[in-house]
Amino acid sequence: MATETVMEHDVDKHDDGGNAWSGAKSPFKASYGKLMMWYFLLSDAFTFAGFLIAYGAIRFSSPTWPVPDFVFSTAPFGVHDAPLIFVTIMSFLLIISSVTMVRAVQEGHRENKNGVVFWMLLTIVGGAGFLGCQAWEWNNLIGTEHMTVNTNPFGSHEFAGEYLDEKGGSFDAGDSYLIHGHTAENGEFQWDQRPVRYETGETTVEQFGPKSFGALFFFITGFHGFHVFSGVVFLLIICINVGSGLYVERKNGYEMVEKIGLYWHFVDLVWVFVFLVFYLL
Amino acid sequence: MANVSYEESIKKVYWGLTLLAIVTLVEVGVSLLGKGHIISGAEDMMWLVYLTGLIIIVLSIYKAYFIIYEFMHMRYEVKGLAVSVLLPTALLIWAIIAFFQEGDSWKNRRQQIKEKNQEKIDPQGMYDDSDVIRLDELG
């Protein structure tokens, strides 16, 4: 049948289908699996772009927005007032795991089974580390700072002014603040909104920040975290398959490792933009 | 790919790691500068805030380019594949412009409604009490 045609085309000898998409010739000189992974990633990029553009549009529509380096300034082990440090470490974890993935793909091209397993395991550790960091970040935001999908205790002052209670102090327009709270005797959580007076003379209490901030944060970083989680699961499965020698027989330069590599780099790529819009800008 | 030796390609990967790490650190530094953490008062200079924002966006796009072209090996794929994957994302430029414009418009409309609600509406002069004789004034 088509086996002879396949032999003629060098790129197609890796193809399991045998007949190179039945057209006797691979489009774009790529295997079916790799090309479809690219198009899946393209569609996924549009999903993420939809989320991030929604974030941008809502942020543009708000008169004030919580300043990210105030919101994200806590790190584990009691570190406070360290703006963006923890999330930079998280970014490094993803970048490093991306690099170890490149190494795994390289070892795959050399048909070096043990090398692939070693570098894939390091990638899995990096991905799991990122998930752990994200779990801590979420736990801190939900448990300590009481941010939820529809409550945003991180506000921003629209005008300059001063606090009226004994703590005193004045603030500038655009300053971000965290509304604190306490657990009442009946076990219910209560907010402690402090009275403030603006320079315009108007007196009010601390206002909650834009409601959508929490929902956008949890849904977008959650959707990305879910991608990381599925990536780790797939990496683990493929790593076990590599170790069992499944891909040795295929003699296609560990193409499966290459495909999961594409997905893993995409997860890193998305984080570049999540990091940009949520933390840096 | 094929004409690069194994040792050279390994070197290239670790160079890529260094590059991405440095770009990320620069991004964080520039971001903190724009928020006034490095030089206090910098956050009040609007031109600096916009400039730092622009620098961060450009660096992020560079990082994305590097990841796609080096780590995902787009450089070594057929040109048609690269175009068919990357060209559709150009549509997003339009989406970004349109939706940010829309968001800005929502803000202006809300502000307008707020201002209009605070206006006293009195087309017939009913609440202008300078020419109203009150009963209690008549005694």
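How many residues of domain 1 of chain A are in contact with how many residues of domain 2 of chain A? In this predicted model, 11 residues of domain 1 of chain A are in contact with eight residues of domain 2 of chain A. The model scores ipTM 0.83 and pTM 0.85, and for chain B the mean pLDDT is 86, with 88% of the residues of chain B reaching 70 or more. Where pLDDT is low, the predicted coordinates should not be read in detail.

**Domains of chain A**

- The assignment for chain A gives domain 1 as 31–147 + 211–280 and domain 2 as 154–205, and the centres of these two domains, taken over C-alpha atoms, are separated by 36 Å.
- On the side of domain 1 of chain A that touches domain 2 of chain A, eight residues are nonpolar, two are polar and one is charged.

**Helices α5 and α6 of chain A**

- Helix α5(A) has 32 residues and reaches 46 Å from its first C-alpha to its last, which is close to the 46 Å expected at 1.5 Å a residue.
- The buried residues of α5(A) include A:Val116, A:Trp119, A:Met120, A:Thr123, A:Ile124 and A:Gly127, with A:Glu137 also among them, and what covers the buried residues of α5(A) includes α4, α6 and α7 of chain A.
- An α-helix has 3.6 residues a turn, so residues three or four places apart point the same way.
- After α5(A) comes A:His146, whose phi is positive, near 60 degrees.
- Helix α6 of chain A, residues 212–243, likewise has 32 residues and reaches 46 Å between its first and last C-alpha, close to the 46 Å expected at 1.5 Å a residue; α6(A) is followed by A:Gly245, whose phi is positive, near 85 degrees.

**The largest nonpolar core**

- The largest nonpolar core has 67 residues, of which A:Met120, A:Leu235, A:Val242, A:Val257, A:Val274 and A:Phe275 touch the most other members.
- At least two residues of this core are supplied by each of α2 (32–61), α4 (85–109), α5 (113–144), α6 and α7 (255–280) of chain A, together with α1 and α2 of chain B, and α7(A) gives the most to this core, with 18 residues.
- Leaving aside neighbours within four places in sequence, A:Leu235 is in contact with A:Met120, A:Thr123, A:Ile124, A:Gly127, A:Ile260 and A:Trp264.
- In soluble globular proteins, nonpolar side chains tend to be buried together.

**Chain B**

- Chain B has five helices and zero strands, and the elements of chain B run α-α-α-α-α from the N terminus on.
- Of the 139 residues in chain B, 12% are buried; among contacts in chain B between residues at least 6 apart in sequence, 45% join residues at least 24 apart.
- The domain assignment of chain B gives domain 1 (1–76) and domain 2 (79–107), and the C-alpha centres of domain 1 of chain B and domain 2 of chain B lie 21 Å apart.

**Interface between the chains**

- Contact between the chains involves 41 residues of chain B and 40 residues of chain A.
- On the side of chain B that touches chain A, at least two residues come from each of α1 (6–34), α2 (46–71), α3 (79–86) and α4 (91–118) of chain B, with the largest share, 12 residues, coming from α1(B).
- By class, the residues of the side of chain B that touches chain A divide into 24 nonpolar, 10 polar and seven charged.

Key:
Residues numbered from 1 in each chain as written. Chains lettered and ligands numbered in written order. Predicted model: local features only at pLDDT ≥ 70, side-chain atom pairs only at ≥ 80, totals over all residues. Contact = placed C-beta atoms within 7 Å. Helix = DSSP H or I, 4+ residues; strand = E, 2+ residues; numbered from the N terminus. Nonpolar A, V, L, I, M, F, W, Y, C, P; charged D, E, K, R; others polar. Domains from an automatic or database assignment. pLDDT = per-residue confidence, 0-100. Expected span 1.5 Å × (residues − 1). Core = buried A, V, L, I, M, F, W, Y, C linked by C-beta atoms within 7 Å. Buried ≥ 20, exposed ≤ 12 C-beta atoms within 10 Å, placed from the backbone.
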